[in-house]
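This report takes up chain contacts, strand pairing and backbone geometry in turn. The sequence and the structure come first.

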Amino acid sequence: MEASLDLSRWRDPPRGVAYRRWVILSTGLRRLLRQWFFRALLVLSWAGAVVLALVGFIFSQSVGVGGTLDQFLGNFGPRGAAVAATIRGLVLLYPDVVVNSLFTTIFWVQAYLGCFLSLVALTALTPSLVARDRASNALTIYLSRPLTSADYLIGKLGIIAGFLLLVWTGPLLFTWLLSVLFASDKDFLVYSFAPLLRALLYNGIAFAALSAIALGVSALSRSSRSIIVIWLCLWLVAGFVAKVPHMPVWMQRASFSRDLSQIDSEVLRIDRALIDAGQELPLTNRRLAENLTQAGDHTAATDFGGSVTGLAVLGGLSILLLFRRLKPE
Amino acid sequence: MASSPPPDVIIEAVKLSKSFGEQRALSDVNLRVPPGTIGLLGPNGAGKSTFIKCLLNLEAPTSGSARVLNRDIRESHRSSRERIGYSPERDCHIGGLAGCEYVTYCGQLSGMSFRAARQRTHEILDLVGMGQERYRPVDTYSTGMRQRVKLAQALVHDPALVFLDEPTNGLDPSGREHILTLIGSLWKELQISVVMSSHLLRDIERVCDRVIIIAHGRVIEHDSIAALRTRNRRIIELTPSSEAPRFLAAFTQAGLKAEPLSNGRLRLETEFDSIEELLRLMQERRLPPAEITANPDALHELFVQAVAGSAEPPPLHGSQPRS
Amino acid sequence: MNAVVQAEDVSRFYGMVLGLNNVSFALKPGLTGIVGPNGAGKTTLFRLILGQIRPSSGRIRVLGAEPWNNPAVAKRLAYCPEGDAVPAGLNARDWLTGLAMLSGRERRAARERAAECLDRVKLAPEHRSKSLAALSKGMRQRVKLAQCLLHDPDLLIFDEPMNGLDPLGRDDFAAVLRDLAGQGKTVLVSSHIVPDLEALCAEFLLLRWGRIPRSLNESLSPEARRAWPAATTFRCADPRQLARFLTDEGLLRGWDLGPEEDRLQVRWAEPERFFGDFHGLLLRSGARIREVRHSETALQQVLEPPAR
């Protein structure tokens, strides 16, 4: 017989629960990031962030006396210089409206991009959350270790959170930071802070809702393909149905993408931004002012309360489903 | 936790019961199990797997309590499983990982640092006989490989107690041999207690020093193998090297109850402790040499008797260990 | 006696992949155990015998005829494979009745035959009307066995038949197999569990890498097993005394006291002399001997893994 039991022993104290949850999170996230698909999504979202950041940066840099905007428009002769002076004046006179509206718009675009990319990511991610583990009876292995189902879920939630942080929140903060860094005027910092907070709030609401729904969907079946189909139905098909005119309200609320866009509009207050811009700014171009006001009215949230309820219901059902299905066998 | 001597009692159950609706899977199980290699037997559906699952908190007991390695399973919910390993009967694994990644992950989930887990992983994979396959995803493994990796994840965190459910399932004879030898040496060389549940009584006899039989949700036997051997009637199995019919004739003539088996052997019942009488008889009749084995199926007989006897509602034994 | 299955230089390849490579053997009625590691060619062997595939070269004859495309032979064969696939939605009784009808019986006779076979495999009546998918693994094994008995075949092949059965179930199954052998049928049993095979069968066929290694199979034949072993294990009241006695007689090359306190393992220097006076020597030793057996059964020896 070989001297086979010449093993090292492990007698260190085992690390705590927080470490073990972290292990689930980090291993899952690492596996994710090894796949080209998710890396591509990250590249897209950060590219978008860079573009938006540049917009904000150029704006904040240029609209100061002697700034690049002055110089740039000065090239177009006295008319250009006048326009530059107007813009500067507007910013000086109505910092809250201009900065606020601009950053609200930037963050609104960013949120749209971030949300969309997150949804695409979740389409590919949902099967590997719970469905695959259920198919290979992995829960027995997890739960025979010093872990509970709660730890398992926290770890999985962490994977979603981690990825959403990388694909949405991170770019958001980057956009803001780059725009206001080196700004010539502290007005930029002050008046862009509120839109930032609102964008973060929306981010948080979306994360809570989407992760609950994703986990619930993931528990519906053991087959990866079914999960992807179900998720796409809930997202695209329900979203499409909700846009069809004269749909009953509850059906519209059942589409989480529609709910999210409603909440988006309400939280970020893009409508207020546009309306304020149209009404308060002394714009000489009446048409522009009217267009802005109309755009604002158009994007106003009509059913905020209902959307929140809709999301809450979807999220709640998912969690219930999850706990029922999360048994080790 | 410094290297402490093994506890006196590794499993302690007090009136442990589990019902699934109306069906009682376990009824008032009382046990005190000392460390060592323990075999867990019972007919299908008797409650063996349920018992293990209750101890691991994979099923919540309906009533009663249990302590494993001196930690109550309900109070110390998670920490009661810190030094336990489990290799289930079914195919269980975490998909999408390579073999060594999977076992390392499992080690970390038990609280090991990455480096410690990685080191132990490769040692344990060597131990269970896995070679280069460890770098391939577990989903591509054959049944035998999956069995080995299941054992590896049960052992990677250096547990004090492992539960093994049908550990040789799917392995070919040399694999079975290897794993059985490994299991037999876990207690002797590493002081890792083993609770092995299997239908293969020969394996249990070979590897375990103590046996628990569960039938109809109750513990009906709990004793050491040595003691069990002495409790049975003496059966001798003879494998004649040649001229088997003459053996049969000789024994029948001498008044012994001899029964020929389908594999060419003979089975006798006798009261004597040694085989002198038989040897004398064989010498008298000038019979050729033969292999003589005593009580080859002791555990099997005990099992059959015990299960048959337990068909009556009240259990006969209180399940305290006899030795 | 005419061999039930006769194979001469049979090979079967799947493209480049090896199934069986130039094997020859003859199988007689009774119980034969088939052993070999995974990938050794057992499934290929069964499929060749059953006529499901043809050999790439060589000849195989089953019950006196070629099995390929031969319904006359096929209806005298039965196969109980390892897998667990059962038709969903049927219960045991209906499934077997249907199969019996497929073999040509009309409904009433088929039903009776099905019940008879289910009795023989000891499947309790309350389980017979349950859906097959709801039965435990052990019960499904019994149903599989009953399937094989329906048409009263002459040659039956079982692949890991006792998987999932508890010891009582194994007993029942083994009893049925022995019964069949006693009736003169030919039963082939393939299993990884060597003790099961040793308890059942007297004849073995060892496969390794698609071949039947002649030397190894010869050492499994009844003649070879009569050769004296090189090592023997004793269990007695005083092993040291026995060891001393045997050493004094000059019979041993070496001895070890075993893990249990009554166990002695010896290696013979002169096995013929010992076994020539087997009874006399043991009685003279004065040790109260309880057991004498080969340290390893022939099958175990042959299956010892070569150095990895």
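## A strand within chain C

How many of the six residues of strand 3 of chain C are buried? In this predicted model, six of the six are buried, so strand 3 of chain C is largely enclosed by the rest of the structure.

Its pairing within chain C involves two other strands. Strand 3 of chain C runs parallel to strand 7 of chain C, residues 186–190, and five bridges join them; within this pairing, Leu31(C) has Val187(C) as its bridge partner. Strand 3 of chain C also runs parallel to strand 8 of chain C, residues 203–206, to which four bridges join it, and here Thr32(C) stands opposite Glu203(C).

## The interface of chains C and B

The contact between the two chains involves 44 residues of chain C and 40 residues of chain B. The area buried between chain C and chain B comes to about 3,600 Å², with carbon and sulfur atoms giving 58% of that area. Between these chains the count of salt bridges is zero, whereas the rule finds six residue pairs in polar contact across the interface, both residues of each pair being at pLDDT 80 or more.

On the side of chain C that touches chain B, at least two residues each are supplied by strand 3 (30–35), helix 7 (167–182), helix 8 (194–200), helix 12 (278–285) and strand 12 (289–294) of chain C. The residues of this side of chain C divide into 23 nonpolar, nine polar and 12 charged.

## Asp196(C) in helix 8

Among the residues of helix 8 of chain C is Asp196(C), which has a relative accessible area of 19% and is therefore counted as buried, the cut-off being under 20%. Leaving aside residues up to four places away in sequence, Asp196(C) touches Leu200(B) in the other chain, together with Met162(C) and Arg170(C) in chain C.

## The arrangement of the chains

Two pairs of chains are in contact, and of these it is chains A and B that share the most contacts. Chain A and chain C, by contrast, are joined by no contact, and their closest C-alpha atoms lie 11 Å apart.

## Chain B as a whole

The secondary structure of chain B consists of 10 helices and 14 strands, and its C-alpha trace spans about 70 × 50 × 40 Å along its principal axes. Of the 323 residues in chain B, 60% are buried. When contacts in chain B between residues at least 6 apart in sequence are considered, 69% of them join residues at least 24 apart.

## Two positive phi angles

Leu69(B) is not a glycine, yet it has a positive phi of about 50°. This residue is found in the loop between strand 4 (63–68) and strand 5 (71–72) of chain B, and with a relative accessible area of 17% Leu69(B) is buried.

Lys122(C), likewise not a glycine, has a positive phi of about 60°, and lies in the loop between helix 4 (107–120) and helix 5 (125–128) of chain C. Is Lys122(C) buried or exposed? Its relative accessibility is 52%, so Lys122(C) counts as exposed, whereas Leu69(B) is buried.

Notes:
Residues numbered from 1 in each chain as written. Chains lettered and ligands numbered in written order. Predicted model: local features only at pLDDT ≥ 70, side-chain atom pairs only at ≥ 80, totals over all residues. Heavy atoms only, no water. Contact = heavy atoms within 4.5 Å. Buried area = accessible area lost by both parts, 1.4 Å probe. Salt bridge = Lys/Arg side-chain N within 4 Å of Asp/Glu carboxyl O. Polar contact = N/O pair within 3.5 Å; in protein donor to acceptor, adjacent residues only side chain to side chain. Nonpolar A, V, L, I, M, F, W, Y, C, P; charged D, E, K, R; others polar. Buried < 20%, exposed > 50% of the residue type's maximum accessible area, 1.4 Å probe, protein only. Pairing = 2+ DSSP bridges.
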